[in-house]
Amino acid sequence: MNKEKMLVEAIRDGSVLDHIPSDRLFQIVSLLHLEELTTPITIGNNLQSTRHERKGIIKLADHFFSPEEIDKIALLAPEVHINVIRDYKVIEKRQVSLPIEVRGFVRCPNPKCITSAEPVTTYFHVSRAADGRGVLECHYCGRKTRAEEAELL
Ligand SMILES: [Zn+2]
């Protein structure tokens with residue numbers, strides 16, 4: 001058994017975020033407010049990876065991600081794989097994918113946008129830039145923002 005597999009299998013029930021680009025690991029930690037969890041968390045960074053030069057991994061016991069959290073992860077790091085662990089076994093393994101649309105958790109950067117002035121839920125259409133990263137286009141004012149520069153609410 002290789003060391004990476006041991007890391008994944010060391011929790012009984014929970015989730016593992018794998019293949020996180022090292023330069024985005026701590027952004028994901030703060031984005032998901034993992035500092036507020038009281039269940040065991042293991043964070044590793046700058047690990048060897050075949051996919052990237054260096055990768056990060058986050059292992060969360062007794063935590064399962066909501067669809068909204070998965071969309072947030074996908075916006076920031078579409079390379080991430082999520083493994084769901086039940087009774088020490090990986091029961092689901094998948095790469096996150098960019099959502100088609102995003103409602104409510106990203107701020108429109110345009111100060112003249114109706115979502116800045118009125119209590120309107122933000123709404124963006126998501127497309128993919130040439131480099132594979134997400135681009136958010138505001139449904140109301142058309143302002144485009146790169147996903148990694150988006151301000152989260
Ligand atoms: Zn807007």
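Two strands pair if DSSP finds at least two bridges between them, and the legends below, which describe close-up views of a predicted model, begin with such a pairing.

View 1. Strand 2 and strand 3 (residues 54-61) run antiparallel and are joined by six bridges. One of the residues involved is Leu-47, whose bridge partner in strand 3 is Lys-55. The two strands belong to an open sheet of five strands, arranged in the order 2-3-1-4-5 with antiparallel pairing. Strand 2 (41-48) and strand 5 (89-95) are the edge strands of this sheet, each of them pairing on one side only, and from one strand to the next the twist averages 15°.

View 2. The zinc ion has as its protein donors the SG atoms of Cys-108, Cys-113, Cys-138 and Cys-141, which lie 2.3 Å from the ion. The site is tetrahedral, with angles of 101 to 114° among the four donor atoms, and along the chain the donors follow the spacing C-x4-C-x24-C-x2-C. Distant parts of the chain are linked by the pair formed by Cys-113, in the loop between strand 7 and helix 4, and Cys-138, in strand 9 (residues 134-138), which are 25 residues apart. Cys-113 counts as buried because its relative accessibility is 1%, and Cys-138 is likewise buried, with a relative accessible area of 3%.

**View 3. Asn-110 and its surroundings.** Asn-110 lies in the loop that runs between strand 7 (106-107) and helix 4 (114-117). With a relative accessibility of 12%, Asn-110 falls under the 20% limit and therefore counts as buried. The side chain of Asn-110 reaches the backbone nitrogen of Lys-112 at 2.9 Å. When its neighbours within four places in sequence are left aside, Asn-110 is in contact with Ser-116, Cys-141 and Arg-143; Cys-141 is also one of the donors of the zinc ion.

View 4. Most residues other than glycine have a negative phi. Asp-62 is not a glycine either, yet its phi is positive, at about 55°; Asp-62 has its place in the loop between strand 3 and helix 3 (67-76). His-33 is partly exposed, with a relative accessible area of 40%, whereas Asp-62, with a relative accessible area of 52%, is exposed.

Terms used:
Residues are numbered from 1 along each chain as its sequence is written. This is a predicted model: local features need pLDDT of at least 70, side-chain atom pairs count only at pLDDT 80 or more; totals for chains, interfaces and linings use all residues. Side-chain values use heavy atoms; hydrogens and water are left out. Helices (H or I, at least four residues) and strands (E, at least two) are DSSP runs, numbered from the N terminus. Buried means under 20% relative accessible area, exposed over 50%, partly exposed in between (1.4 Å probe, protein chains only). A polar contact is a pair of N or O atoms within 3.5 Å; within protein, one must be able to donate a hydrogen and the other to accept it, and residues adjacent in sequence count only if both atoms are side-chain atoms. Contact means heavy atoms within 4.5 Å. Axes are lines fitted to C-alpha atoms, for helices over the stretch in contact, and angles run from 0 to 180 degrees between N-to-C directions. Donors are N, O and S atoms within 2.8 Å of the metal (3.2 Å for Na, K and Ca); water is not among the atoms, so sites may look incomplete. Four donors count as tetrahedral if all angles lie between 85 and 135 degrees; four count as square planar and six as octahedral if opposite donors are over 155 degrees apart and all others between 65 and 115; anything else is irregular.
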